[in-house]
Amino acid sequence: MLQGREILIGISGGIAAYKTAVLVSRLVQAGAGVSVIMSRSATHLIRPKTFEALTGRLVRCKMFGPGSHPHLEAAAKAELLCIAPATANLLAKAALGLADDLLSTVVLAFEGPVILAPAMNHQMWQKPAVQRNVRQLQEDGFLLIGPEEGYLSCGTVGMGRMAEPEKIFQLIEKVLADRTPPLPFPEQ
């Protein structure tokens, strides 16, 4: 079902970024073309080389990288954008339409479905500001999966754990099953 489909994975700076490697591997094994964009914070938790090895593609991390408009180029090639983990910071930027790095700029430029997999400490998740941002994102048409309750990296148990990679994979499959694949992106 994912054979030949183009998926863009965004990774923001949460410790759950290690789980995103499992998701990316699963997508590639299913035949999808996967490109990865990482926030600067994410690169401190898991290295871009991990995702380059899994996808066979360069990982983009910088706003002013190769190409004349990297945010527009990345957004134009993909059918679906999934950000996992989506930190409280990323949720706030997306809810407010802020774009101060490559990942948040791609969120604004992307025209297809966007899946967000929130992950953060349970105290952060419960804050009124985060919940307000979540409501705004849902109202704006973003699809949210999770978070789930469980053991968190801070040593506590609560709501804030990123959805498991298999659940995110299944949602990506479901969303793309309902969409007609676009024509191939013309090579430059």
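**Entry 1: R57 and its partner.** I looked up R57 in this predicted model and found that R57 has a relative accessible area of 28%, so I noted it as partly exposed. R57 forms a salt bridge with E6, and the closest N and O atoms of the two are 2.8 Å apart. Because R57 sits in the loop between α2 (48-55) and α3 while E6 belongs to strand β1, this pair ties together parts that are 51 residues apart in sequence. I then checked E6 as well, and at 23% relative accessibility E6 also counts as partly exposed.

**Entry 2: other salt bridges.** I next asked how many salt bridges a search of the whole structure finds. The search gives nine, and I followed some of them one by one. R5 and E79 meet through their side chains in a salt bridge, with 2.7 Å from N to O. R5 lies in the segment before β1 and E79 in the loop between α3 (70-77) and β3, so parts 74 residues apart in sequence are tied together by this pair. I wrote down that both R5 and E79 are buried.

The side chains of K167 and E148 also meet in a salt bridge, at 2.9 Å from N to O. Here helix α8 (residues 165-177) supplies K167 and strand β6 (residues 148-151) supplies E148, so the pair ties together parts that are 19 residues apart in sequence. K167 counts as partly exposed at 44% relative accessibility, whereas E148, with a relative accessible area of 18%, is buried, since the cut-off for buried is under 20%. I also noted a network of salt bridges that links K19, R161 and E164.

**Entry 3: the sheet.** I traced an open sheet of five strands, whose order is β2-β1-β3-β4-β5 and whose pairing is parallel. Which strands stand at the edges? They are β2 (33-38) and β5 (143-144), and because each has a single partner strand, one side of each is left without a neighbour in the sheet.

I then stayed with strand β4, residues 114-118, which runs parallel to β5 and is joined to β5 by two bridges. The bridge partner of I115 in β5 is L143, and that of L116 is L144. Towards strand β3 (residues 80-86), β4 pairs in the parallel sense over four bridges, and there C82 stands opposite I115. I found β4 mostly covered, with five of its five residues buried. V114, L116 and P118 point one way from β4, while I115 and A117 point the other way.

**Entry 4: S104.** Is S104 buried or exposed? At 3% relative accessibility S104 counts as buried, and its place is in helix α5 (residues 102-109). Leaving aside neighbours within four places in sequence, I found S104 in contact with K93, L98 and A99. A polar atom of the S104 side chain lies 3.0 Å from the backbone nitrogen of D100. I also looked up L144, which is 40 residues from S104 along the chain, and the C-alpha atoms of the two are separated by 16 Å.

**Entry 5: a patch on the surface.** Last, I looked at the nonpolar patch that I15, Y18 and L45 form on the surface, with about 310 Å² of accessible area together. I15 lies in the loop between β1 (6-11) and α1 (17-29), and its relative accessibility of 47% makes it partly exposed.

Note on methods:
Residues numbered from 1 in each chain as written. Predicted model: local features only at pLDDT ≥ 70, side-chain atom pairs only at ≥ 80, totals over all residues. Heavy atoms only, no water. Patch = residues over 30% accessible without salt bridge, like charges linked within 9 Å, V, L, I, M, F, W, Y side chains within 5 Å. Areas by Shrake-Rupley, 256 points an atom, 1.4 Å probe, with all protein chains shown as cover. Salt bridge = Lys/Arg side-chain N within 4 Å of Asp/Glu carboxyl O. Buried < 20%, exposed > 50% of the residue type's maximum accessible area, 1.4 Å probe, protein only. Contact = heavy atoms within 4.5 Å. Polar contact = N/O pair within 3.5 Å; in protein donor to acceptor, adjacent residues only side chain to side chain. Pairing = 2+ DSSP bridges.
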